[in-house]
Amino acid sequence: MGLLDGKVALITGGARGQGRAHAVTCAKEGADIIVADIASQLSTVDYPMAEPDDLAETVTLVEALDRRAIGVQADVRDQAALDDAVALGIAEFGRIDILIANAGIWTGGSFWELTEVSWDEMIGTNLTGVWKSAKAVAPHMIERGSGSIVITSSVNGLEPGPGYAAYVSAKHGVIGLMKSIALELAPHGVRCNAISPGAIDTPMINHQRAWNMFAGHEGGTEADFRTAGYHYGALKGTTFLDPRAVANAALYLNSDLAEAVTGVTIPVEAGHLLLPG
Ligand code: NAD
């Protein structure tokens with residue numbers, strides 16, 4: 001018996017990283033999966049984003065667990081593409097019980113130097129994309145009188161970080177959005193919660209700009225990144241967390257174990273937020 005037996009989950013940004021961990025974790029617990037990912041590059045993102053092969057790989061991993069999976073190339077900034085993904089999922093699997101609104105980008109730059117394109121791609125993906133994803137599933141969940149939405153925020157939805165104001169703004173924004181969705185969907189029996197991951201070991205934070213940030217100077221290396229990970233959380237031995245840590249928190253929130261939990265944010269950051277400064 002799995003915690004999600006017979007359920008269907010739509011996961012945005014599921015081609016790799018945390019989204020893939022969500023897909024595999026949900027599938028292990030009995031869910032069929034619709035994976036939506038842009039699987040192409042945005043112009044202001046300075047690290048390689050997922051590719052179509054990554055999306056196909058997530059589908060393969062779910063199918064290897066004897067669950068059904070559909071991979072859809074969709075940009076969360078595109079409401080029609082999300083509506084189509086939802087319609088396809090319902091046509092193939094009959095229902096959507098779970099949305100994990102996980103797709104996101106991490107771009108940087110002092111706020112006074114950000115271009116409008118960079119601001120718009122960030123807010124469009126990390127904030128408006130979450131609203132559009134929830135909007136796409138809401139009518140179906142309301143009609144069925146049940147459902148669970150989990151939104152991926154960040155510790156940067158709870159505290160700022162220097163050099164990425166647009167990201168911090170979007171991640172704070174989705175926590176307000178989550179609370180509004182929770183309030184508006186509660187009368188319909190649909191829950192909505194958020195997760196605030198700390199430093200998770202995914203391609204989003206393993207590249208030159210991230211290495212420089214973790215090193216505290218230009219010319220950082222992957223070794224600086226690995227060392228910095230050991231100082232990130234409060235828990236003994238913490239380093240960059242495996243994406244499964246986030247997927248397990250979402251699993252709880254999406255399961256009946258959390259049947260009375262809505263409108264909350266769970267940090268998954270090994271106690272990082274407890275640390276001074
Ligand atoms: P990742 O870069 O490995 O995965 C993000 C995925 O989202 C990629 O597959 C990418 O193609 C997809 N995506 C990006 N823009 C999209 C769009 N417009 N439409 C559809 N798909 C899109 O990074 P990750 O760490 O797995 O990120 C998952 C989520 O976790 C993001 O929302 C991110 O902001 C958040 N987060 C990450 C960390 C971390 O340390 N890695 C920490 C806190 C929060």
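Here is a short tour of this protein, from its overall build to its ligand shell and its nonpolar core. The model is a predicted one. Its secondary structure comes to eight helices and seven strands, and 49% of its 277 residues are buried.

**Overall build**
- For 277 residues, a compact globule would have a radius of gyration near 19 Å, so the protein's 18 Å agrees with that expectation.
- Along the principal axes, the C-alpha atoms fill a box of roughly 50 × 40 × 40 Å.
- Of the contacts with a separation of 6 or more, 71% join residues 24 or more positions apart.

**Around the ligand**
- The ligand is surrounded by 31 residues, and the closest are G13, G17, A50, G104 and M204.
- Two elements, α1 (17-28) and α4 (116-144), each give two or more residues to this shell, with α1 giving the most, at three residues.
- Sorted by class, the shell has 15 nonpolar, 12 polar and four charged residues.
- Both domain 1 (8-200 + 243-269) and domain 2 (201-240) supply at least three residues to the shell around the ligand.

**The nonpolar core**
- The largest nonpolar core has 83 residues, and A9, L10, I33, V35, V137 and A250 have the most contacts inside it.
- Helix α5 (residues 165-185) provides the largest share of this core, with 10 residues.
- Domain 1 (8-200 + 243-269) and domain 2 (201-240) each contribute at least three residues to this core.
- Setting aside neighbours within four places in sequence, A9 is in contact with C26, A31, I33, D97, I98 and I100.
- As background, nonpolar side chains tend to be buried together in soluble globular proteins.

Note on methods
Residues are numbered from 1 along each chain as its sequence is written. This is a predicted model: local features need pLDDT of at least 70, side-chain atom pairs count only at pLDDT 80 or more; totals for chains, interfaces and linings use all residues. A residue is near a molecule or strand if its C-beta atom, placed from the backbone, lies within 6 Å of it. Helices (H or I, at least four residues) and strands (E, at least two) are DSSP runs, numbered from the N terminus. Ala, Val, Leu, Ile, Met, Phe, Trp, Tyr, Cys and Pro count as nonpolar, Asp, Glu, Lys and Arg as charged, and the others, Gly among them, as polar. Domain bounds come from an automatic or database domain assignment. A nonpolar core is a set of buried Ala, Val, Leu, Ile, Met, Phe, Trp, Tyr and Cys residues joined through C-beta atoms within 7 Å. A residue is buried if 20 or more other C-beta atoms lie within 10 Å of its own, exposed if 12 or fewer, and partly exposed in between; C-beta atoms are placed from the backbone. Two residues are in contact if their C-beta atoms, placed from the backbone, lie within 7 Å. The radius of gyration is taken over C-alpha atoms; the globule rule is 2.2 Å times the number of residues to the power 0.38.
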